[in-house]
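Let's take a walk through this one together, starting with the overall layout and then zooming in on individual strands and cores.

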Amino acid sequence: MASALEVCALGAGPGRAARAIAWLAALAALALAPLAACAATYEVIVEDPYLELHTGPGRGYPVFQIAERGERVELIRRRTDWFQVRLPRGEVGWVPLAQLRRTLGLDGEPFDVLAYELADYTERRWEVGALYGDFGGANVISVYGAFGMTPNLSLELWLSQALGRFSDSKIASLDVVHELFPDKRFSPYIALGAGVVKTDPKATLVATTDRSDAAAHAGGGLRAYLTRRFLFRAEYKSYVVFTSRDDNEEIREWKAGFSFFF
Amino acid sequence: MESRLLVLLLSGVMAAGLTGCGRHRALEAADAGQPPVIEPELERRQIEPADIDTEDFEVGIYAGQLSVEDFGVNTVVGVRFAYHITESFFVEAAGGRSDTEPTSFERLSGAAQLLTDDEREYSYYNVSLGYNLLPGESFIGRNRAFNSSLYLIGGVGNTKFAGDDRFTINFGMGLRLLPLDWLAVHADVRDHVLDNDVLGRKKTTHNLEAHVGFTFFF
């Protein structure tokens, strides 16, 4: 707060612009001050003979400090399955989730922190992911967002870009997906959808025009829960593109990738 | 104008006071004066474990040099967004752009222009999977150690160059250095592999990129 006031005082002298900047700085300092003072912390009591503090959040970072049984440690932040903790003496280090599970909260209850598990996966509501594969001979990169309406049924919005030798396509589609066994680690599904395919022939080809066509598709695939919020997904879809020519175009698509849920 | 700012300023102070946190600090200050008669069983209202600040995302910018085969070495700038899945694996989405220069042929011939100015812009996006191969500490000088990690990264994406979108594979490695717990400095080398037919015949090109950047964890 003092620094903010100093900035204000300094701002009184020079020109308008400098004053405005000083005021903005003061405002920013004020806005951030409560955040800094009020950073959320959580304290636990060590139950194991000791708690090992590593210098970083991961394998390979050495243990440099310990907290003994009965000591109180403050949890500052979490990164993947590691927690940064502060000891009463002031040292700051990182502790893996597995070891923190053997500590107690200040209320004497075992420390129970969110570790994403299969149960969270089966109860997921939102999911996003990116997949890569083959779309009728072209490389396809897809991103999607899914919303679970019921445990079995979800609605998915897909955006794909297929990069082929002679043309590039952008595909947008809306799918209804039915999961057969939504509570299983390996969960097969069937999908039905419709959308738009926009095709751009390569610039090096002559006498071609861009075109947009409606398309419908059906297919199926498999989700496999891997770890935390992370899952693997592979699928096959068969597209029918309703072209303005005599024949509709049929395209087969295979792709696989990774997704997250939250 | 200044009076309006003053009002804003005061409302900010009011807001801080109104939140539980301001009140909490005031109580603490009052308690500090006298020693407590009985040590209270629950000293402070605990926050929920779920409220612990989770920082698995990384967002940042980078700048460096990109060599586009036949089109010179030029400055590239980009943004990156990463999600750390485990202590070892992360996924990254990145996008960048660079303005390429004329080929030697265009320069020597004087008049021939292969590409328009718009087509000369090289822009890309990619989605990659990274692996922290060598996590550890790096020492700068005698007394300073920073957490660091050498990572391998590779993925797929799209490159827009010479008027066309081109499927691109990228792979490379990078160094992540953390001067602060929430700030990382990156130095990366990537190879962007794509098929290019701008010069008449289709060929696979390797476009090397070296960049430095920084990211924030949140």
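Helices here are DSSP runs of H or I with at least four residues, strands are runs of E with at least two, and both are numbered from the N terminus. By that count, chain B has 3 helices and 9 strands, and from its N terminus the elements go α-α-β-β-β-β-α-β-β-β-β-β. Before going further, keep in mind that this is a predicted model, in which local features need pLDDT of at least 70, side-chain atom pairs count only at pLDDT 80 or more, and totals for chains, interfaces and linings use all residues. Residues are numbered from 1 along each chain as its sequence is written, while chains are lettered from A and ligands numbered from 1 in the order in which they are written.

Call a residue buried if 20 or more other C-beta atoms lie within 10 Å of its own, exposed if 12 or fewer do, and partly exposed in between, with C-beta atoms placed from the backbone. Of the 218 residues in chain B, 29% are buried.

Now look at strand S8 of chain B, residues 183–196. What does S8(B) pair with, if pairing takes at least two DSSP bridges? On one hand there is S7(B), residues 164–180, which runs antiparallel to S8(B) and is joined to it by 11 bridges. Leu177(B) has Val185(B) as its bridge partner, and the hairpin of S7(B) and S8(B) has 2 residues between the strands. S8(B) also runs antiparallel to S9(B), residues 203–217, with 14 bridges; here Arg190(B) stands opposite Glu209(B). This hairpin has 6 residues between its strands, and Gly200(B) takes a positive phi near 95 degrees.

Over in chain A, the domain assignment (bounds from an automatic or database source) gives domain 1 (2–37), domain 2 (42–105) and domain 3 (120–261). The C-alpha centres of domains 2 and 3 of chain A are 43 Å apart.

Next, the nonpolar cores: sets of buried Ala, Val, Leu, Ile, Met, Phe, Trp, Tyr and Cys residues joined through C-beta atoms within 7 Å. The largest has 17 residues, with Ala162(A) and Val241(A) touching the most other members. Strands S8 (126–135), S9 (138–148), S10 (153–163) and S14 (230–242) of chain A each supply at least two residues, and S8(A) gives the most, with 3. A second, separate core of 16 residues includes Val44(A), Trp82(A), Val95(A) and Leu100(A).

Conventions
Two strands pair if DSSP finds at least two bridges between them.
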